[in-house]
Amino acid sequence: VKFSLDAETHDPTDVGVYQLRETNAMVEEFMLAANVAVATKLSELFPEAAILRRHPNPTAEMLRPMVQLGKALGLPLSDDVSTSSKAL
């Protein structure tokens, strides 16, 4: 998925299909693994001071382009904002 962002607010304005290559997936997996490892270590070493970032749930308006793209690709996505973003 490829997002277009507003130049001033950096909010997503559109979503499209991005051609995923095997190397992209490898890099993404390593980045996620590194983030999890660092967050785990920080929370173990500094439990009283570690501040871990947590993203807010998206709004229905923010999900709408993704849901429309998913439907066009035959993917059953929901725009129900009460659903966890991981469940999407």
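Me: How many residues in the lining of the second largest pocket are nonpolar, polar and charged?

Reply: Rolling a probe the size of a water molecule over the atoms shows where empty space is left. Here the lining divides into 5 nonpolar, 3 polar and 2 charged residues (Ala, Val, Leu, Ile, Met, Phe, Trp, Tyr, Cys and Pro count as nonpolar, Asp, Glu, Lys and Arg as charged, the others, Gly among them, as polar). Among the lining residues are Glu28, Met31, Arg53 and His55. A pocket is an open set of points on a 1 Å grid over the protein atoms alone, where a 1.4 Å probe fits, with protein on both sides within 12 Å along at least five of seven lines; lining residues have an atom within 4 Å of a point. The model is predicted: local features need pLDDT of at least 70, side-chain atom pairs count only at pLDDT 80 or more, and totals for chains, interfaces and linings use all residues. Residues are numbered from 1 along each chain as its sequence is written, and side-chain values use heavy atoms, without hydrogens and water.

Me: Which residue stands opposite Phe3 in S2?

Reply: In a regular strand the side chains alternate between the two faces of the sheet. Here Val15 in S2 stands opposite Phe3, while Leu5 has Pro12 as its bridge partner in S2. Strands S1 (residues 2-5) and S2 (residues 12-16) pair in the antiparallel sense over 4 bridges (strands are DSSP E runs of at least two residues, numbered from the N terminus; pairing requires at least two DSSP bridges).
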